[in-house]
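The following exercises concern a predicted model. Please examine the sequence and the structure before working through each solution.

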Amino acid sequence: MASRRRPGDSVKTDNKKKKKKKKTTCEETAELCSLVGDEQVKKSVQEAWSQRSPYTQGDLELDCHPFPHCIIKNFLGSETFMENLQRELMELNFHEKSNDLYKFKQSDDLKKRTEPHISGLRLALFGRFRSWLGEVMQVDLEPIVDISCAKYEYTDVLLCHDDELEGRRFAFILYLVPPWQSSDGGTLDLYTTDSNFHPESIVKSLVPSLNTLILFEVSPVSFHQVSEVLTQDKCRLSLSGWFHGPSLERPPRHRGPPVPRSPHLPRDETLLLEWVNPVYLDIAYQEQIQEEFEDSSEIQLKDFLKEEKFREVKEALRLTQIQWTKRGPPNKRCYETASMNNTMPQCVSACWELLCSEAFFLLLSNFTGLRLHYLCPDDDDDDDENKEEERKDVRDAEATGSLTESANASSEKELSTPVCCGELRRWCHGGYTLLHDAEAARAEYALDLVLPFCGADWQSEFGGFTCYVANEEDEELLTVYPEDNSLALVYRDKETLKFVKHVNHKSLSATADSFSCRAFYDFSFVYYE
């Protein structure tokens, strides 16, 4: 506005002229749907909302399944206003937003934008419409403006969440899209919830429609997502934000039981000799790996398994006899895990045993310097001679095949028992994991292992890579991309969390005869000292 001009920008008489000019051009009045001003409609919506019953009148529809939401078509009364609003929004600066939960482009905050149609809509939404909403819902809404513009294009997505944040009472989305079909993706998907307030399944998908406003109450059950945009030649443009007011009471968050952990299996180094590339069994090379790992807390060991073993497991993973089960809930994760039962191909079971074996625990100790086996040198031991003696014990045990006997002979040592937990996972289009509060609360020091079977043509732009981030910060510390037969080891502390980035539609572009077509697999283990 002219009143905010810095002194000296022009003389007073020019200031006055420019003030008058800005007053006439700064703001266009946004006419809203006539139903918003209809007193009878307002009373009917108020009654239906309070009773959690459906209601329809003209362009307004109220539905309460799976949670209360309202759809108002033809929300803006002027087509010319809407077209000019679209033009102003498309001329804004947009910034790429990407983390575990979403990928899209977002504008700067629209709270203080002075474009005539943006400011006109803002005034209508947070003036007349907010007053109407407060009366209908019988809630004292606060005079807070919270609105931005988003562009969703090919492979952009916003995964399952409930929008709950202190002060948010109602969420809204106004679509400014070209003609749109469900096959284009970008639908607003609504989830049912279970008795623990976890999202279960999508029961309603709302297809974006030009000049349609969707409104819902933010609550412990308001789980929704914007499905991945699948069209390559359309832009899903929308305005969204929240009306603030007293938050609904939230029940205590349910936390499931921790993942069971197990000590190593009593398998000796014969398993290593059968499966592991011999270069990684060389003690001198292990010391070199450990030096590198201790410098960076991560390493990738290429061609880790013997080629023939890797190829055998890779082919077996495609067999239909493996029983895959989807893991959720969708506000935390979405991928498939294999049931490790007697229907599993023998080579796959053997690979699993390798990663759980005592010999492998010791190998990981040699790679990382972590105390995952009693023969591993103790970092707290200041006696260098004792450390060297322990290293000699490790070498002797490996050379003579006496790991298990040595373990029994030293059972009197008071040491914590290293443990692990693991999964065999299948990643298809739409797979992901998300950061969540329960994971942060349980975070601890751990060694992560991932052994992928993804095909040579799996590309980073497909997603499916693992990101490590500092707790409560957006900065990515490390990204580990899936690579065939490349064993990834990452040591993380209590302040480091991880997620697997959403596997997007581009993954389906792999050639039909490619192993990576439509899915890739990995063994994922976590080891604790």
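**Exercise 1: The second largest pocket**

Task: State the volume of the second largest pocket, and describe its lining by residue, element and class.

Solution. Step 1: The volume of the second largest pocket is about 960 Å³. Step 2: This pocket is lined by 38 residues, of which Val259, Arg327, Arg333, His436 and Glu439 are the closest to its centre. Step 3: Two or more lining residues come from each of β17 (333–338), β18 (419–428), α12 (437–441), β20, β21 (466–470), β24 (496–500) and β25. Step 4: Sorted by class, the lining comprises 18 nonpolar, eight polar and twelve charged residues.

**Exercise 2: The largest cavity**

Task: Determine which elements give two or more residues to the lining of the largest cavity.

Solution. Step 1: The largest cavity has a volume of about 100 Å³. Step 2: Among its 14 lining residues, Val450, Gly464, Thr466, Pro482 and Asp522 are the closest to the centre. Step 3: The elements that give two or more residues to this lining are β18, β20 and β25. Step 4: The lining holds nine nonpolar, three polar and two charged residues.

**Exercise 3: The buried face of a helix**

Task: Identify the buried residues of helix α7 and explain why they line one face of the helix.

Solution. Step 1: In α7 (residues 307–316), the buried residues are Lys309, Phe310, Val313, Lys314 and Ala316. Step 2: Viewed down the axis of α7, these buried residues fall within an arc of 165 degrees, so they line one face of the helix. Step 3: The buried residues of α7 pack against α5 (270–275), α8 (346–356), β20 (446–453) and β25 (519–528).

Methods
Residues are numbered from 1 along each chain as its sequence is written. This is a predicted model: local features need pLDDT of at least 70, side-chain atom pairs count only at pLDDT 80 or more; totals for chains, interfaces and linings use all residues. Side-chain values use heavy atoms; hydrogens and water are left out. Buried means under 20% relative accessible area, exposed over 50%, partly exposed in between (1.4 Å probe, protein chains only). Helices (H or I, at least four residues) and strands (E, at least two) are DSSP runs, numbered from the N terminus. The arc is that of the directions from the helix axis to the C-beta atoms. Contact means heavy atoms within 4.5 Å. On a 1 Å grid over the protein atoms alone, a cavity is a set of points where a 1.4 Å probe fits but cannot get out, and a pocket is an open set with protein on both sides within 12 Å along at least five of seven lines; lining residues have an atom within 4 Å of a point. Grid points are joined across faces, edges and corners, and a volume is the space filled by probe spheres set on the points. Ala, Val, Leu, Ile, Met, Phe, Trp, Tyr, Cys and Pro count as nonpolar, Asp, Glu, Lys and Arg as charged, and the others, Gly among them, as polar.
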